[in-house]
Amino acid sequence: MDIIYGFTVFLDPYKIMFCFLGCVMGTVVGVLPGLGPTAAIALLLPITFHFDSVSAIILLAGIYYGAMYGGSTTAILMSIPGEAASVVTTIDGYKMAQQGRAGPALGIAAFGSYIAGTISVMGIMFLSPVLARFALSFGPPEYFSLMCMGLTILVYLASGSMIKALMSAAVGLIIGCVGADVITNVNRFTFGITALVDSVGIIPLVMGLFGISEILITLEGSMKKEVISTKLRHLLPNLQDWKDSAKPILRGTVLGFFLGILPGAGAAIASFISYAVEKKVSAHPTKFGHGAIEGVAGPETANNAASGGAFIPLFSLGIPSNPVMAVLLGGLMIHGIIPGPTLMHERPEVFWGVIASMYVGNIMLLVLNLPLIGLWVKLLRVPYAILFPLILLFCLIGAYTVNNQVTDIYIMVFFGVMGYLMRKYNYEAAPLVLAFVLGPMMENNLRQSLIISDGSLLIFLTRPISGTLAAVTIILLISSLLPKIQKKRAELPKEEE
Amino acid sequence: MGKDRYQMPDFRSGVILLLFGIVFCFFSIRLGFGSISAPGPGFMPFVSGLLLSFLSLVLLLQVLLSSVLVSCKEKIKFSFGKVCVVLGSMLVYGVFIESIGFVFVTFVFVTFLVWFVELHGWKKAVLVGAIATAVSFTLFDVILKNQLPHTVFRYF
């Protein structure tokens, strides 16, 4: 039993401590608006250079699924989602808080998250090896088509204009080209800057696009947010709450998990679709928007299940399905771990150790979230005027300590300005980040495929797996032109953080 | 109508990205395009630049066609004051961190920003600056052993 091996790896005080730290940091990141898990993982990545690879990945993974737990607190108590995946929780969660039912709302969010988190870890355990075995038959054309499909799905599910989302992805591909060419070693667009020879660092890029830009946007608006003053004594949902929430939790888990696996989809999309499904199947759809507990249970469950599912393509194919996984991929590679079909054989301690940590991490989060909600609420009362210089400081230190060079600070500031302008002009950053990470892999696979086929592009269409993936990509792109699909896309939430 | 078009954010961003894409394609060719059966280092940059240029053109066409039908006067509001001060502070931090040292620059950076946003209470700003500096120095330098620049005194 591989999972038993995973527990033998994980059950070491050092690793348990990192799992706990990851969960706490994730919860804090989820609670605090303005710093999402993508920026937080990028921020903490340089710190993990001092740890062994398994502990580092356990910590970073804990931040991601921990943020999904924490996000509900601000959504329910302040009507401000701590991260994008909790946007829909604000609708009914905040209404419940206004009605004096913040306790059951927070309680069901935590229990639902625990159930979804645990089931999705089981899913990773069983599905990853199967997918990895299947991926062993992949060659460069299959990988290229798969990455194209992943990017297309992300663009397809991006909010707002699809053309703009595609443009973001194109800019990401361009930025991904910066640095020495892996085959010829020719420096491309480095402008004589030594720091760019190894390509643009993912840490300054992500911290700039997500962390710095978010702060700049927040500074322009009002920084004073009101926390609902409510009694938080009765956190355990009553029997009726459980009856109302059982099916939404089950549906949210299944839906979220499979949407999480899908390259390009993510936790925010999963929570949004779960809310729509719950409203559709409910016998009392008019209750939604007025404090329906199903409107909290479904989405909060779905976003946790999706965060688990997202690990599958990363671990078994080596392909990140969303920006958080893209940063995590960067983290894995920095630690000398190459995720993909061979990960489970070459580095079983990483795969099974992280899986085991997720089981324990979900229990830790349940324990952390329910009794400590009062503490998280106090954290929300820290004035933003104090909080934002600290976040900026950690970004600066994080950028500097990657390579101990000031250039990374300037690169981060550059991407901070770029992210700020992108938000102003309604361009999403998520396609850019994913394209930036996938770009070099896509280039390698594209060049190898063209060399194999002697320049024939038909290689992407004639091989069965590659052809199927390419067909899905083309169908998605064409279907996006249909007015009905365009209308549906306009209702989708942002998957930024 | 022509004036309205220039006020459209999408038109502006479309023009900028179109120019960027074209310039990028031009420099990509100079890197060496290779051939379709043996792509060179400029192949992928060229394809990416071409894709961006094409998409920018589509966006511009969308804007131009819609502006004929609907006169759009949408404007994006910027409040550059705070944004420029924050960005400037970060750049100054980068300029001086290696010459003056981590501790002093960090203290000034945090103190200034806390004071600047609240615009009152120097004492509070100094206190937050001192605590933030002490905590970050202890965490990153002492515990995690990152090599932060020390220049003022021996250790700071």
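Author: A charge sits over a ring if NZ of Lys or CZ of Arg is within 6 Å of the ring centre and within 35 degrees of the ring normal. The model discussed here is predicted.

Reader: Over the face of which residue does Lys164(A) lie?

Author: The distance from the ring centre is 4.9 Å for Lys164(A), and the cut-off is 6 Å.

Reader: How far from Glu300(A) is the nearest side chain of opposite charge?

Author: Glu300(A) is part of helix H12, residues 294-309 of chain A. Beyond its neighbours within four places in sequence, its contacts include Met68(A), Ser86(A) and Ser113(A). Glu300(A) is buried and has no salt bridge. A salt bridge requires a nitrogen and an oxygen within 4 Å, whereas the nearest side chain of opposite charge, Arg101(A), is away by 15 Å.

Reader: How many residues apart in sequence are the parts that the pair of Tyr64(A) and Phe311(A) ties together?

Author: Tyr64(A) and Phe311(A) form a tilted aromatic pair, 6.2 Å centre to centre with 50° between the planes. Both residues are buried. Tyr64(A) belongs to helix H4 and Phe311(A) to helix H13 of chain A, so the pair links parts whose separation in sequence is 247 residues.

Reader: Is the pair of Phe26(B) and Phe27(B) stacked or edge-to-face?

Author: Phe26(B) is partly exposed at a relative accessible area of 48%, and Phe27(B) is partly exposed at 37%. Their ring centres are 5.3 Å apart. Planes over 60 degrees apart count as edge-to-face; the planes here are at 75°, so the pair is edge-to-face.

Definitions and conventions: Residues numbered from 1 in each chain as written. Chains lettered and ligands numbered in written order. Predicted model: local features only at pLDDT ≥ 70, side-chain atom pairs only at ≥ 80, totals over all residues. Heavy atoms only, no water. Helix = DSSP H or I, 4+ residues; strand = E, 2+ residues; numbered from the N terminus. Buried < 20%, exposed > 50% of the residue type's maximum accessible area, 1.4 Å probe, protein only. Lys, Arg positive; Asp, Glu negative; His and termini not counted. Contact = heavy atoms within 4.5 Å. Phe/Tyr/Trp six-rings, centres within 6.5 Å; stacked < 30°, edge-to-face > 60°.
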